[in-house]
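Let's take a friendly walk through part of this structure, helix by helix. Keep the 3D view open as you read.

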Amino acid sequence: MKWNSLKAQALAAPALLMSSMAMAGPDLGEAQQQATNWHAIIMFAIFVGFTLLITKWAAKQTTNTADFYTAGGGISGFQNGLAIAGDYMSAASFLGISALVFSSGFDGLLYSLGFMVGWPIVLFLVAERLRNLGKFNLSDVVSFRLAEKPVRTLAAMSSLVVVAFYLIAQMVGAGQLIKLLFGLNYNIAVVIVGLLMMAYVMFGGMLATTWVQIIKAVMLLSGATFMAFMVMKGVGFSFSEMFSQSIEVFAKVHDVTLAEAGNIMGPGKLAANPIDAISLGLALMFGTAGLPHILMRFFTVKDAKEARKSVVVATGFIGYFYLLTFIIGFGAILYVSNNPQFLDVAKMAVTGKLELVGGNNMAAVHLSDALGGDLFMGFISAVAFATILAVVAGLTLSGASAISHDLYANVFKKGQTTPESELRMSKIATLGLAIFAMILGILFEKQNVAFMVGLAFSVAACANFPVLVLSMFWKGLTTRGAVIGGLVGLLTAVTLIILSKAVWVDTLGIAETAVNPFNGPAIFAMPLAFICCWLFSVTDNSAQAQAERKAFDAQFVRSQTGIGISGASDH
């Protein structure tokens, strides 16, 4: 069978779709329900049973709001770094990037690097100051010297938008993965994820969520390490041998010349549009420093020194993981693309291109079968599900804190609450978010949800990051500037994504051509947010604005030294 047009089709994947797939729960499409995979179900049941025991233990330790939101600040830097890695390495980072390498080679490395470059910014600009200034979440920091009510409302709104889109994508990705890997019904899979997430967060709070993320990170890193080791062993631990063999197999399978197959070792179509490429880079780089569920993790350590250590540890594990996904992608070319067992021949006859059973997102899962048999594939399938559980638990916790700590306790009740009533509201918010996520996961089963994750990173980069970084580093920022700038960033990012081809044409089907020809909004919305923050701050000469500027020096000293926070030991 010949597929002469395969290379062009494989490299023509839309940038937003692939980037979103790599960021969080992928749009797996209408996955075909497979035969029940008992190995995977048994291994996942063991993971769930163990983590529920941890949740029971954590519930006894969780007695107040500090315990619920931040595990009482008792997590070590190393543990927190591993948990951050567990929170950040989604199932689709594992499945999506390796699938991208499998289909288009070098382009996959661009995304691996894209997710890495955000971490130096978190380390040098955000982590230490965030820990010194905040108590529970992002809103505490941006409202430190600005007016509490409007700034907290804005921060809570943008955080909830990020959490909502991330959650929908994860739930749909979970449902499709479980249908595919475990042979379970889609709706049942979504409900299982929702109920488990609710149990972890509602009863165990941050302590249980942290340990779920740590266990999942260890499982994912172990499984990926074994796969990469087996791939490298097969090529004599030589990268050049792996690349040359991959080019040969790629040429044979895709029926192209060796010279054409060699193009997989260079940039392809994903970097062809410079505006989309820069916009994507900005969203990945600065979006990481604005993700509420990642930022919230810095309050679980005792001081700024441990916060710095946790970023260094997380960066090391995440960098190692993305290197593994690159090897796994090339391993899939070597062991999966030329194995009839994994090819969907009927679909290939229709599409005229290489198709794997269950879709090309399953390249890593099929590779686990090729390298370690049914038992190892069951382990990797269980890891993929555990990965989604860990990510949705972190998201739910950050959403619950935005509702209970920001909106309920500080905006509606104006700080006149008891820790008990705030904790009760947190648990109600968790219940509401879990039900909301399950309903949306079921409603969006057949929708293309890839743009939602792109929106989550873009909103974080355009609404959260400008306000966060200016509040910590620029004396001139006022409440008026922060609120208008943040709102402009939020609304511009959402509007541009809705008017892009991914939503306007592909999802909503309103027209055949998009109003906005670009996929990524960050290149337009993020500078606009910064400009509005600056413009509406420098033109604000009210008495409140003058007082806010004077308060900056005290804030700056505390952000640098930690002096003034209870239990500060890093000064």
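Directly after helix α12, Asp255 adopts a positive phi of about 55 degrees. Keep in mind that you are looking at a predicted model. Asp255 is a residue other than glycine, and you will find Asp255 in the loop between α12 and α13, the latter covering residues 258–261. Is Asp255 buried, partly exposed or exposed? Its relative accessible area is 27%, so Asp255 counts as partly exposed, given that buried means under 20% and exposed means over 50%.

Two packed helices are described by the angle between their axes and the distance between the axes. For α11 (residues 186–234) and α16 (residues 304–335), the axes come within 9 Å and cross at roughly 45 degrees. The two helices are therefore oblique to each other, and α11 passes α16 in a left-handed crossing. On the α11 side, the contact is made by Leu220, Leu221, Ala224, Thr225, Met227, Ala228, Met230, Val231, Met232 and Gly234. Facing them from α16 are Phe317, Tyr320, Phe321, Leu324, Ile327, Ile328, Gly331 and Tyr335. Sorted by class, the residues of this contact are 15 nonpolar, three polar and no charged.

Stay with α16, and look for another partner, α8. Helix α8 (residues 118–133) and α16 have axes that come within 8 Å and cross at roughly 155 degrees. An angle over 145 degrees counts as roughly antiparallel, so α8 is roughly antiparallel to α16. The crossing of α8 past α16 is right-handed. Here Trp119, Val122, Leu123, Ala127, Glu128, Arg131 and Asn132 of α8 meet Ala304, Ala307, Arg308, Val311, Val312, Thr315 and Ile318 of α16. What classes of residue make up the contact of α8 with α16? There are nine nonpolar, two polar and three charged residues.

Key: Residues numbered from 1 in each chain as written. Predicted model: local features only at pLDDT ≥ 70, side-chain atom pairs only at ≥ 80, totals over all residues. Heavy atoms only, no water. Axes fitted to C-alpha atoms, helices over the stretch in contact; angles between N-to-C directions. Helix = DSSP H or I, 4+ residues; strand = E, 2+ residues; numbered from the N terminus. Parallel < 35°, antiparallel > 145°, perpendicular 65-115°, else oblique. Left-handed = near helix turned anticlockwise from the far one by under 90°. Contact = heavy atoms within 4.5 Å. Nonpolar A, V, L, I, M, F, W, Y, C, P; charged D, E, K, R; others polar. Buried < 20%, exposed > 50% of the residue type's maximum accessible area, 1.4 Å probe, protein only.
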